[in-house]
Amino acid sequence: MDELTELTRDLVSIPSHDGEAAAGDFVEHWLRAETGADVTRDDAGDAARGGNVIARRGATDEPDAPTLAFVGHHDVVPPGDGQVDSDGSYVVSERDGRLYGRGTADMKGADAAMLLAFRDADVGAIELVFASFVGEEDGGIGARAAIDDGFGPDWALVAEGSTGYSEPAVLDVAVAHKGRRGSTVTARGQAAHASEPDAGENAAYRACDAVDVVRGLDWPSVAVAGEELSGSVTVTGIEGGSAWNVVPESCEVTVDERTVPGERADLAQVETIDGVEWTVDQDLPPMRCSDDAFADAVLDAVRDGQDGAGELVTKPHATDAGWLAEAGTACVVCGPAEPGEAHTAAESVSIDVLERCYDTYRRLAAAWPDAM
């Protein structure tokens, strides 16, 4: 499908790691030119981000019409060596049936597939929504702003990567994913000369006691789609002290926690140690699909284009589906990126999988919710 390849190329070539307004402009203009949809642009993020792009078609005049959303984002992580051209645009190349370049997998290829499916789908008695958010790579800035502004579809397909989980090159449907909670454990003590250590309170020792608590925590897990989705808690850094001959008065420990739907590790236990405080710096929520019929319908659409291949799976990475699910939307993740592909210096996406994504999205929009 040449149109899908070219649209992906056009989107990927637009720099969007240090401000995504230009990429948002492209998406907005394409929607206005190619569809009869009601297209809006909000003010999420700062001027450099340019705001979310949201389009609606179908039963937009029916206040009680069910709403299905295709959700993506048009920001990317900074490009690597060789991914930027001399004119500042991103390099896009094609070889061996794949498109290479920053954002091909995460997730402008998926955005292109959703745009074309949004335009081409035969929509029944639903409101079909396309949403491309800003700031996904920075903690879901756009998704959170949209939700705060009333964005709340009944169902959402978030087109992050779900390919290659059951078998290589097979498009799957993720019905759950982990979240991420990033924390700082701060230990405070009293400085003293290292020659008289008992004159002070060693913050590094208190930090080590806190690390022992972290290492002893139970990690929650949950069974989803025949898999065990397990959380984890990992100390990722320790910093403190001012000089080799001074008892440290402060020490910080960074903690990466991967969360699952339901319980979380009891990190607050570190505060039972004198002089220790626990602060949450980032909390990206996990996701679990709350509507089995919707998940099954997406899987049916996937299998129709893959000779029956494709499975319900879980994925380890947080996405904007976590924010939407937390707000009450039934979500799945279904998109072309493969494990280990995003954010790499050789990022790429399979053109064949992109085409299967387009077919899946178009079929779903035509069949749902009649498939219930």
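**Terms and the values behind them**

Mentor: Met 107 is found in helix 3. The model is a predicted one.

Trainee: What makes the bond that joins Asp 106 and Met 107 a matter for comment?

Mentor: A cis peptide bond links Asp 106 to Met 107, with omega about -10°. Most peptide bonds are trans.

Trainee: Which peptide bond is cis with omega near 5°?

Mentor: That is the bond from Trp 368 to Pro 369. Pro 369 belongs to the segment after helix 8 (351-367).

Trainee: How do we know how helix 1 and helix 3 are oriented to each other?

Mentor: The axes of helix 1 (residues 2-13) and helix 3 (residues 104-120) cross at roughly 130° and come within 9 Å. Angles under 35 degrees count as roughly parallel, over 145 as roughly antiparallel, and 65 to 115 as roughly perpendicular, the rest being oblique. Helix 1 and helix 3 are therefore oblique to each other. The crossing in which helix 1 passes helix 3 is right-handed.

Trainee: Which residues make that contact?

Mentor: From helix 1 the contact involves Glu 3, Leu 4, Leu 7, Thr 8, Leu 11 and Val 12. Sorted by class, the contact of helix 1 with helix 3 has eight nonpolar, three polar and four charged residues.

Trainee: Why is helix 2 called roughly parallel to helix 3?

Mentor: Helix 2 (residues 21-34) packs against helix 3 at an angle of about 20°, and their axes are 11 Å apart. The cut-off for roughly parallel is an angle under 35 degrees, so helix 2 is roughly parallel to helix 3. Their crossing is right-handed.

Trainee: What makes up the contact between helix 2 and helix 3, residue by residue?

Mentor: Val 27, Trp 30, Leu 31 and Glu 34 contribute from helix 2, and Leu 115, Leu 116, Phe 118 and Arg 119 from helix 3. In this contact of helix 2 with helix 3 there are six nonpolar, no polar and two charged residues.

Trainee: How do helix 1 and helix 2 pack?

Mentor: Helix 1 and helix 2 have their axes 9 Å apart, at an angle of about 145°. Their crossing is right-handed. Leu 7, Asp 10 and Leu 11 of helix 1 meet Phe 26, Val 27 and Trp 30 of helix 2. The contact of helix 1 with helix 2 divides into five nonpolar, no polar and one charged residue.

Trainee: Let us turn to single residues. Is Phe 70 buried or exposed, and how do we know?

Mentor: Phe 70 has a relative accessibility of 0%. Buried means under 20%, so Phe 70 counts as buried. Phe 70 sits in strand 3 (residues 67-73).

Trainee: Which residues is Phe 70 in contact with, leaving aside its neighbours within four places in sequence?

Mentor: Among them are Met 114, Ala 117 and Phe 118, as well as Leu 128, Val 129, Phe 130 and Ala 131. The contacts of Phe 70 also include Leu 157, Tyr 361, Leu 364 and Ala 365. Phe 70 and Phe 294 are 224 residues apart in sequence, and their C-alpha atoms are 13 Å apart in space.

Trainee: Why is Asn 202 given its burial class?

Mentor: The relative accessible area of Asn 202 is 18%. With the limit for buried set at under 20%, Asn 202 is therefore buried. Asn 202 lies in the loop between strand 10 (192-193) and helix 5 (203-215). A polar atom of the Asn 202 side chain is 2.9 Å from the backbone nitrogen of Ala 204. Not counting residues up to four places away in sequence, Asn 202 touches Val 247 and Pro 248.

Trainee: What is the phi of Asp 307, and is Asp 307 buried or exposed?

Mentor: Asp 307, also not a glycine, has a positive phi of about 55°. Asp 307 is in the loop between helix 6 (292-304) and strand 18 (312-315). The relative accessibility of Asp 307 is 83%, and the cut-off for exposed is over 50%; Asp 307 therefore counts as exposed.

Definitions and conventions
Residues are numbered from 1 along each chain as its sequence is written. This is a predicted model: local features need pLDDT of at least 70, side-chain atom pairs count only at pLDDT 80 or more; totals for chains, interfaces and linings use all residues. Side-chain values use heavy atoms; hydrogens and water are left out. Helices (H or I, at least four residues) and strands (E, at least two) are DSSP runs, numbered from the N terminus. Buried means under 20% relative accessible area, exposed over 50%, partly exposed in between (1.4 Å probe, protein chains only). A polar contact is a pair of N or O atoms within 3.5 Å; within protein, one must be able to donate a hydrogen and the other to accept it, and residues adjacent in sequence count only if both atoms are side-chain atoms. Contact means heavy atoms within 4.5 Å. Axes are lines fitted to C-alpha atoms, for helices over the stretch in contact, and angles run from 0 to 180 degrees between N-to-C directions. A crossing is left-handed if the near helix is turned anticlockwise from the far one by less than a right angle, and right-handed if clockwise. Ala, Val, Leu, Ile, Met, Phe, Trp, Tyr, Cys and Pro count as nonpolar, Asp, Glu, Lys and Arg as charged, and the others, Gly among them, as polar.
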